[in-house]
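Try each task before you read its solution.

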Amino acid sequence: MRSLILLISLIAVLFEMNDLVKSCNGAYKEIDGFKVGYDKPFNELSVPYLQKRYDEFNKKYFDDKLPKIKLIINNTKTALGMCRSWRRKTEYRPVRTIQISISTFLLRTELSYCHTLLHEMIHCYEADVLD
């Protein structure tokens, strides 16, 4: 039930961001405290950029509950993003590994990349915090 409530609230955040963007005229707009570009392709996507956004979103939307994870940029044609989670046993304890990958196959706006990252962070929350 908690994951459903979280999912609904974060979807509302995405729609709120979209509504704010539609009313803007400039190339960049501060939306919900984050400055993002929304009207032209964003070709500066990098792992440090994703890490910065991950940390900002984690603090604002997830109360800093998400773990440090591996962020990957790939060129997959089948998904805009993906969250993978798996457990493996070590000699001391089980270890959970989570990674989020963002595809650059389609050149998208910065806002679109932020939406995808936030969406994948919801899956990360379900896998790590609610599990």
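**Exercise 1.** How many disulfides does the count come to?

*Solution.* Keep in mind that this is a predicted model. A pair of cysteine sulfur atoms has to lie within 2.5 Å to qualify. With that cut-off, the count is zero disulfides. Take Cys83 as a check: the nearest cysteine sulfur belongs to Cys124 and is 5.1 Å away, so Cys83 is in no disulfide. Next, look at accessibility. Cys83 is partly exposed because its relative accessibility is 21%, whereas Cys114 is buried because its value is 3%.

**Exercise 2.** Work out whether the span of helix 3 agrees or disagrees with its number of residues.

*Solution.* Start with the residues: helix 3 covers residues 110-128, which is 19 residues. The expected span uses 1.5 Å times one less than the number of residues, so helix 3 should span 27 Å. Its end C-alpha atoms are 26 Å apart, which agrees. As for cover, 14 of the 19 residues of helix 3 are buried, so the helix is mostly covered.

**Exercise 3.** Inspect the loop between helix 2 (47-62) and strand 3, where Asp63 lies.

*Solution.* Asp63 has a positive phi, near 50°, and is not a glycine. Asp63 is exposed, because its relative accessible area is 57%. Asp64 lies in this loop too, with a positive phi of about 60°.

Conventions: Residues are numbered from 1 along each chain as its sequence is written. This is a predicted model: local features need pLDDT of at least 70, side-chain atom pairs count only at pLDDT 80 or more; totals for chains, interfaces and linings use all residues. Side-chain values use heavy atoms; hydrogens and water are left out. Helices (H or I, at least four residues) and strands (E, at least two) are DSSP runs, numbered from the N terminus. Buried means under 20% relative accessible area, exposed over 50%, partly exposed in between (1.4 Å probe, protein chains only).
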